[in-house]
Amino acid sequence: IARFDAIADKAALSKILGEQTRADVDPLNATDFNTENLFGIFVTQGLATPGDVIPYVLQGGLGLPEREYYLSADPKMAKIRTEYQAYIARLLTAAGQADAAAKAKRIYDLEVKIAKAHVSREDSEDFAKSSGVWSKADFAKKAPGIDWSAYLAGAGLDGASKFGAYHAAAITGLSALVASEPLDAWK
């Protein structure tokens with residue numbers, strides 16, 4: 001918790017977001033798109049660059065399995081959302097955090113914004129939409145908001161020259177969210 005409390009600017013936030021990144025998703029073999037980190041990484045032969053092995057960047061950052069858990073009008077989903085917010089508050093209380101209910105609401109509200117930036121499950125499963133290749137410079141141009149140099153260094157990916165933008169629209173949306181939300185929203 002102290003590590004996150006020490007975040008003083010977007011570059012430091014970007015570095016920590018990168019440090020949390022793991023190769024923890026597998027969209028092709030296991031249709032596993034879920035990661036608690038803002039972005040997940042999957043390394044494989046390029047969908048549009050046969051013969052090249054590249055890291056693919058996928059959307060993440062949700063505590064619930066996917067965007068519809070946050071956005072659906074289904075009463076079952078509404079019940080899950082209520083229970084999830086109470087769960088976040090219990091975790092914060094167990095961690096000794098003051099004002100756990102208010103912090104849980106801020107966390108949940110940020111996750112709703114993250115969910116709105118995500119592409120749908122149907123779009124995630126359409127591999128033809130996921131074959132875009134970005135250079136390092138493309139991240140700053142196509143997804144401003146994150147300090148991509150700090151992020152990629154933190155993730156240990158600063159040596160890669162090509163990346164698969166598996167969820168290109170979500171990468172752009174999540175990066176814009178990093179830029180627009182106050183630092184306290186990410187702590």
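Predicted model: local features only at pLDDT ≥ 70, side-chain atom pairs only at ≥ 80, totals over all residues.
Trainee: What makes phenylalanine 39 and tyrosine 151 an aromatic pair that is edge-to-face?

Mentor: Start with the distance: the ring centres are 5.7 Å apart, and rings pair if their centres lie within 6.5 Å. Then take the angle: the planes stand at 85°, and planes over 60 degrees apart count as edge-to-face.

Trainee: Why is the pair of phenylalanine 139 and tryptophan 148 called tilted?

Mentor: Their centres are 4.6 Å apart, with 45° between the planes. Stacked needs under 30 degrees and edge-to-face needs over 60, so an angle of 45° is tilted.

Trainee: How many aromatic pairs are there by this rule?

Mentor: The count comes to 10 aromatic pairs. Phe39, Trp134, Phe139, Trp148, Tyr151 and Phe163 also form one aromatic cluster.

Trainee: Where in the chain do phenylalanine 39 and tyrosine 151 sit?

Mentor: Phenylalanine 39 is in strand β1 (residues 39-45) and tyrosine 151 is in helix α8 (residues 148-155). They are 112 residues apart, so this pair links distant parts of the chain.

Trainee: How do you know whether phenylalanine 39 and tyrosine 151 are buried or exposed?

Mentor: Look at the relative accessible area: 0% for phenylalanine 39 and 2% for tyrosine 151. Buried means under 20%, so both residues are buried. The other pair passes this test too, with 0% for phenylalanine 139 and 5% for tryptophan 148.

Trainee: What about aspartate 99: is it buried or exposed?

Mentor: Aspartate 99 has a relative accessible area of 56%, and exposed means over 50%, so aspartate 99 is exposed. Aspartate 99 lies in the loop between α4 and α5. It also has a positive phi of about 55° although it is not a glycine.

Trainee: What makes arginine 3 lie over the face of phenylalanine 4?

Mentor: Arginine 3 is at 5.5 Å from the ring centre, and the limit for a charge over a ring is 6 Å. The direction must also be within 35 degrees of the ring normal.

Trainee: Why are β1 and β3 said to stand at the edges of the sheet?

Mentor: Four strands form an open sheet in the order β1-β2-β4-β3. β1 and β3 (133-135) each have a single partner strand, so one side of each is left without a neighbour in the sheet.

Trainee: How do you know that β3 and β4 are paired?

Mentor: Two strands pair if there are at least two bridges between them. Three bridges join β3 to β4 (residues 162-165), so the test is passed, and these strands run antiparallel. In one of these strands, β4, glycine 164 is the bridge partner of valine 133.

Conventions. Residues numbered from 1 in each chain as written. Heavy atoms only, no water. Phe/Tyr/Trp six-rings, centres within 6.5 Å; stacked < 30°, edge-to-face > 60°. Helix = DSSP H or I, 4+ residues; strand = E, 2+ residues; numbered from the N terminus. Buried < 20%, exposed > 50% of the residue type's maximum accessible area, 1.4 Å probe, protein only.
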